[in-house]
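Please consider the sequence and the three-dimensional model shown below.

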Amino acid sequence: MLYQVLKRGAGPFMKAVYRPWIRGKENIPETGPAILASNHLAVFDSVFLPLMIDREVVFMGKADYFTGTGFKGRMTARFMRAVGTIPVDRSSAKAAEAAVQTGLKRLNEGGLFGIYPEGTRSPDGRLYRGKVGVARLTLESGAPVIPVAMIGTNIAQPIGKRIPTLHQVGIVIGEPLDFSRYAGLKEDRYTLRAVTDEIMYNLMMLSGQEYVDRYAADVKAELAAQGKFAGPIPNSAKAPGGREKPHTEVPTPQPGEEVDLKGKLEADGSGGQAQDDDSAAQDN
């Protein structure tokens, strides 16, 4: 399938150029449903995560990625389909509900489903308040949530820049989070918020990002009105869920975590091979 062609074709090139590293890959189960909840720094997030893990993961992305015109638009659409991205219209509550149902279908089939709880890319590299769609997915499906921290993709692919930067990117995958204790509370908004904040807290600890207790989409709208990509948005006094802010640092690769380009690519001949169990995921 196209996904496997991408990993065998573009995968080795992307790895050679960006030298990605990964930590905690063993936290992704070999079989069964799981939700990969990731911070969202760049479109590259939906490229490197599928390339660096063994199982196939499906994401959802805004429909605009699939409707662009000209050569760039066509190539973007083709690439998004290749990495398993499902187009989603984010303009209405009905579309958001459809996104949740798409995720549930994927999980009920026993696959991996990727979601960005922030709902959109961070405007400035910080971590923003999560939307509760990820909580609904885990409570309705019973699937565990695996937090994923993307590192440096916003530097490799800065917002507003057409040409990517040659900057190393990394991925830190945390231990699965089990929310089965909240079974039956999928309609309780306080429970949904508590579950979402717990996921965001784990993302903050994994990524080392500063936390802002506002929705990224709202901040983007304000910055767009001001005609700039980033601005002096104050940091939050608290961590997700109102907790005290701990000290965090952005992870760096440890010995053995960087991709052994020569050995890895020669060993599998493809830069990684996807299995046959089936992204930018947007939240509601």
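Helices are DSSP runs of H or I with at least four residues, and they are numbered from the N terminus. The model to which this numbering is applied is predicted. In that numbering, L223 belongs to helix α8, which covers residues 216–226. With a relative accessibility of 3%, L223 counts as buried, since the term applies under 20% relative accessible area. The C-alpha atoms of L223 and P123 are 8.7 Å apart in space, although 100 residues separate the two in sequence.

The aromatic side chains come next. A pair of aromatic rings is described by the distance of the centres and the angle of the planes. Five aromatic pairs are present in the structure. One of them joins Y18 and F44, with 5.4 Å from centre to centre and 75° between the planes, an edge-to-face arrangement. Because Y18 lies in helix α1 (residues 2–18) and F44 in the loop between β2 (34–38) and α2 (45–52), this pair ties together parts that are 26 residues apart in sequence. Y18 has a relative accessibility of 6% and therefore counts as buried; F44, at a relative accessible area of 9%, is buried as well.

Y18 also pairs with F48. The ring centres of Y18 and F48 are 5.5 Å apart and the planes stand at 80°, so this pair is edge-to-face, the class that begins over 60 degrees. The pair links distant parts of the chain, with Y18 in helix α1 and F48 in helix α2, 30 residues apart. Both Y18 and F48 are buried. Through such ring pairs, Y18, F44 and F48 are linked into a cluster.

Two further rings have a charged side chain over the face. R243 lies over the face of Y201, at 4.0 Å from the ring centre. K131 is placed over the face of Y215, at 5.9 Å from the ring centre.

How do helices α5 and α7 pack, and at what angle? Helix α5 (residues 133–141) and helix α7 (residues 189–207) meet at an angle of about 105°, and their axes are 8 Å apart. This angle makes α5 roughly perpendicular to α7, because the range from 65 to 115 degrees is assigned to that class. On the side of α5, the contact is made by V134, A135, R136, T138 and L139, and on the side of α7 by T191, L192, V195, T196 and I199. By class, the residues of this contact between α5 and α7 are six nonpolar, three polar and one charged.

Helix α5 is largely enclosed by the rest of the structure, because seven of its nine residues are buried. The buried residues of α5 are G133, V134, A135, R136, L137, T138 and L139. After α5 comes G142, with a positive phi near 80°.

K186 brings another part of the chain to this region. K186 lies in the loop between β8 (170–173) and α7, and its relative accessibility of 34% means that K186 counts as partly exposed. Between K186 and L137 there are 49 residues in sequence, yet the C-alpha to C-alpha distance is 8.8 Å. Leaving aside neighbours within four places in sequence, K186 is in contact with R136, L139, E140 and L192. Of these partners, R136 and L139 of α5 and L192 of α7 also take part in the contact of the two helices.

Terms used:
Residues numbered from 1 in each chain as written. Predicted model: local features only at pLDDT ≥ 70, side-chain atom pairs only at ≥ 80, totals over all residues. Heavy atoms only, no water. Phe/Tyr/Trp six-rings, centres within 6.5 Å; stacked < 30°, edge-to-face > 60°. Buried < 20%, exposed > 50% of the residue type's maximum accessible area, 1.4 Å probe, protein only. Lys NZ or Arg CZ within 6 Å of the ring centre and 35° of its normal. Axes fitted to C-alpha atoms, helices over the stretch in contact; angles between N-to-C directions. Parallel < 35°, antiparallel > 145°, perpendicular 65-115°, else oblique. Contact = heavy atoms within 4.5 Å. Nonpolar A, V, L, I, M, F, W, Y, C, P; charged D, E, K, R; others polar.
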